[in-house]
Amino acid sequence: MKKKIIICLLLIISAQAYSQKNNTSKVLRINFVNPGIEYEMSIFNKSTLSLNCGVGFSGSYPDLTSRASGWLYLISPYIDVHYRNYYNFHKRLSNNKNINFNSANFFGLKLLSRGKDFSSNFIRTSDYDFAFGPTWGLQRSIGKINFLFDFYPAYYFDTHGNSGVLPVNFEINIGYNLKN
């Protein structure tokens, strides 16, 4: 867990050093649905890199699971790195809608890494697994409260070479924007 936190902090610091001033804003937020600290920073015009570290609730990846049946859950530490390209800032502004805290629709790429579980009702083939894929989503902020929804097809794999594809994976989160 300490290694993941250190890696996450190093990624935030190094990405911050290369960020550019543009239409997107830098946001520090606390997420509640999958508890974590997220830092979203500008990297290109209308694009951000989001780094989110925490402890999350999720399900299983079918090809990385054994002795599983019924409703499956996993509680484990995670690191979520998400590139987002926001495409409707101008349209939202022209309709007098809020774009604070990057309130817009986006497409991008996501990489999710999950660590050794704290609690689970199935056996994983490895303590560490990874998933990545192209995403589409939307993010909205009402005051300092942030709402996020995204979905993506995920290619997943573990440290033992097992892998598979999940046609639809999604994230729903509610957070509190600390700094813009």
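Entry 1, the strand pairings. I began with methionine 41, whose bridge partner in E3 is leucine 49. The model is a predicted one, in which local features need pLDDT of at least 70 and side-chain atom pairs count only at pLDDT 80 or more, while totals for chains, interfaces and linings use all residues. Residues are numbered from 1 along each chain as its sequence is written, and side-chain values use heavy atoms, with hydrogens and water left out. I took helices (H or I, at least four residues) and strands (E, at least two) as DSSP runs numbered from the N terminus, and I counted two strands as paired if DSSP finds at least two bridges between them. E2 and E3 run antiparallel and are joined by 8 bridges; they form a hairpin with 2 residues between them, and lysine 46 in the turn has a positive phi of about 65°.

I used buried for under 20% relative accessible area, exposed for over 50% and partly exposed in between (1.4 Å probe, protein chains only). Strand E2 (residues 36-44) is mostly covered, with 7 of its 9 residues buried, and in the chain of 180 residues the buried ones make up 45%.

Taking a salt bridge as a side-chain nitrogen of Lys or Arg within 4 Å of a carboxyl oxygen of Asp or Glu, I have a count of 11. Aspartate 129 forms one with arginine 114, the closest N and O atoms being 2.9 Å apart. This pair links distant parts of the chain, aspartate 129 in strand E9 (residues 129-142) and arginine 114 in strand E6, 15 residues apart. Aspartate 129 is buried, with a relative accessible area of 3%, and arginine 114 counts as buried at 4% relative accessibility. Salt bridges that share partners join Arg29, Glu38, Glu40 and Arg84 into one network; within it, glutamate 38 and arginine 29 have their closest N and O atoms 3.3 Å apart, and both residues are buried.

I defined a nonpolar core as a set of buried Ala, Val, Leu, Ile, Met, Phe, Trp, Tyr and Cys residues joined through side-chain atoms within 4.5 Å. The largest has 9 residues, including Tyr61, Tyr78, Leu112 and Tyr152, and E10 gives the most to this core, with 3 residues. Leaving aside neighbours within four places in sequence, leucine 112 is in contact (heavy atoms within 4.5 Å) with residues including Tyr61, Tyr78, Asp129 and Tyr152.
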